[in-house]
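This briefing describes one protein model by topic.

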Amino acid sequence: MNIKTKSKIGILASCFCAMSYLTFAPVVASMAASFPEVSLSLVQMVVTLPSLMFIVVSPLSGTLMRRFAKKKLALLAVALYFISAVFGYVFQENFYLVLLGSAIMGCGTGLLMPVTNALICDQFEGTERSSMMGLNATFVAVGGLTFTFLSGQLAKYGWQNCYFVFFLILPLLLTIYLFLPREERCVGDEGGSSPNKGEYPDAVNDPDAGALKAAAAGRPEMNPYIVALFVIGFLYFCLQNAFNTNASVYVEELSLGGASTAGLVSMMNPLGGILGGVIFGLLAAKLGDQIETVALSIAGLGFLLAGGLPSAASILVSGLLVGIAFALFNAAGTFLLAKHLKPENNDITVAIYMAVVNLGAAVSPYVVNFLAGFAGGSSAVKFLLCGAGLILCCAVSFFIGKKR
């Protein structure tokens, strides 16, 4: 088995648990019932707190990747998921300690996602890179689907049982250890031409150019287009995360069933993510910089459908559409940054980007609940609000891509 094949297996095993925080999406309503003294927005933070911790840890990942092997960091990140589950289960009677368990999971997420994206950018380029970005999104979604489905089934016997899903982490750790290579290389280091070699000639032959490259390395690269990607990413994650935090509550409001039904609805999201990941490579080649525009339009349609036609069928279809859009948008952000950044600035800029978008996901319950409160605050209103916001972001994205 060659090193690239081993790398793919190791990277995709790492990606599998990236959306395991969706384990808690089907049990938000049940958890809220168990802790009636806690506000709904705070209970929803069990799902979104990993995104908030991402903001703290992700910017540090760039520094850590310069000091430690990415394989070791990937193993540590995935291990934190399992540790967080053990912690949450042991202290299940205390909501604030349950919340602390989610924070530990967020530390793992904040480290894992930049590391896996950096590994892809290090070891693949061109169409192979976009293909791996798509596979990355697919495996993230497959993992989310698996964790969500099993969580919904286990939650029939009490929401606390959802923690047992995290035993899936153990074989993932073994796979990462066995298949992710110790050696790390950059695609430009094999004698081939680096994408920006014209801008940074070989430092051995040109010491001044080498000094220029060293000065640029490790510094985030910003221009109007990159800033626009940051802003749209923040708004998208803030709005789309409303599906994860409100799906089970919406099911309860419409009297469609309990945790198992909510688990089925939540499961449609990662199922759509699988489809989105499969088609990402093809769409990226066809659409170029407009790939995010299409993702935003699909997500907006999904939210408007669920909010405008409240029924079990519409919510299921909505989950599928929002999941497709999430996979496309998630892969597109890193793909577009890698496309428009110098390689030596990619790690730190992507790490900051991921911190910014996860800030959007973290504040989602408070922002969406606050805005929806002016129109009654029902889940249907929240879905309509998010759908309208996503369509507006879609129009802005189209204009920016066209101008670019």
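This is a predicted model, in which local features need pLDDT of at least 70, side-chain atom pairs count only at pLDDT 80 or more, and totals for chains, interfaces and linings use all residues. Residues are numbered from 1 along each chain as its sequence is written, and side-chain values use heavy atoms, with hydrogens and water left out. The protein contains 14 helices and 0 strands; helices (H or I, at least four residues) and strands (E, at least two) are DSSP runs, numbered from the N terminus. Of its 404 residues, 57% count as buried, where buried means under 20% relative accessible area, exposed over 50%, and partly exposed in between (1.4 Å probe, protein chains only).

**Overall organisation**

- Along the sequence, the protein reads α-α-α-α-α-α-α-α-α-α-α-α-α-α.
- Among contacts (heavy atoms within 4.5 Å) with a separation of 6 or more, 84% join residues 24 or more positions apart.

**Nonpolar core**

- A nonpolar core is a set of buried Ala, Val, Leu, Ile, Met, Phe, Trp, Tyr and Cys residues joined through side-chain atoms within 4.5 Å.
- The largest such core has 113 residues, and those with the most contacts inside it are Phe 24, Phe 95, Ile 169, Tyr 236 and Phe 280.
- Apart from neighbours within four places in sequence, Ile 169 is in contact with Cys 17, Val 78, Tyr 81, Phe 82 and Phe 147.

**Cavities**

- On a 1 Å grid over the protein atoms alone, a cavity is a set of points where a 1.4 Å probe fits but cannot get out, and a pocket is an open set with protein on both sides within 12 Å along at least five of seven lines; lining residues have an atom within 4 Å of a point.
- Grid points are joined across faces, edges and corners, and a volume is the space filled by probe spheres set on the points.
- The count by this rule is 3 cavities of 30 Å³ or more.
- The largest cavity has a volume of about 370 Å³; of the 31 residues that line it, Met 113, Val 140, Phe 326, Asn 330 and Met 354 are the closest to its centre.
- Helices α3, α5 (95-123), α6 (126-154), α9, α10 (259-287), α12 and α13 each supply at least two residues of the lining of the largest cavity.
- That lining divides into 19 nonpolar, 12 polar and no charged residues; Ala, Val, Leu, Ile, Met, Phe, Trp, Tyr, Cys and Pro count as nonpolar, Asp, Glu, Lys and Arg as charged, and the others, Gly among them, as polar.
- The second largest cavity has a volume of about 60 Å³, and its lining residues include Asp 289, Glu 292, Leu 336 and Ser 397.
- Helices α9 and α14 are the elements that give two or more residues to the lining of the second largest cavity, and α9 gives the most, with 4 residues.
- By class, the lining of the second largest cavity has 6 nonpolar, 2 polar and 2 charged residues.

**Second largest pocket**

- The second largest pocket holds about 190 Å³ of space; of the 14 residues that line this pocket, Leu 235, Leu 239, Gly 389, Leu 392 and Cys 393 are the closest to its centre.
- Helices α9 (224-253), α13 (343-372) and α14 (379-403) each supply at least two residues of the pocket lining, and the largest share, 6 residues, comes from α9.
- The pocket lining consists of 13 nonpolar, 1 polar and no charged residues.

- Helix α12 (residues 312-340) has 29 residues and should span 42 Å at 1.5 Å a residue, which agrees with the 42 Å between its end C-alpha atoms; the expected span is 1.5 Å times one less than the number of residues.
- Of the 29 residues in α12, 23 are buried.
- Gly 333 lies in α12 and is buried, with a relative accessible area of 0%.
- Leaving aside neighbours within four places in sequence, Gly 333 is in contact with Glu 292 and Tyr 353.
- Gly 333 and Phe 230 are 103 residues apart in sequence, with their C-alpha atoms 8.7 Å apart in space.

- Ser 61 belongs to helix α3 (residues 40-67) and is buried, at a relative accessible area of 0%.
- Not counting residues up to four places away in sequence, Ser 61 touches Gly 110, Leu 111, Pro 114 and Ala 351.
- Tyr 177 belongs to helix α7 (residues 169-179) and counts as partly exposed, at 47% relative accessibility.
- Leaving aside neighbours within four places in sequence, Tyr 177 is in contact with Lys 71 and Leu 75; the C-alpha atoms of Tyr 177 and Lys 71, 106 residues apart along the chain, are separated by 7.7 Å.
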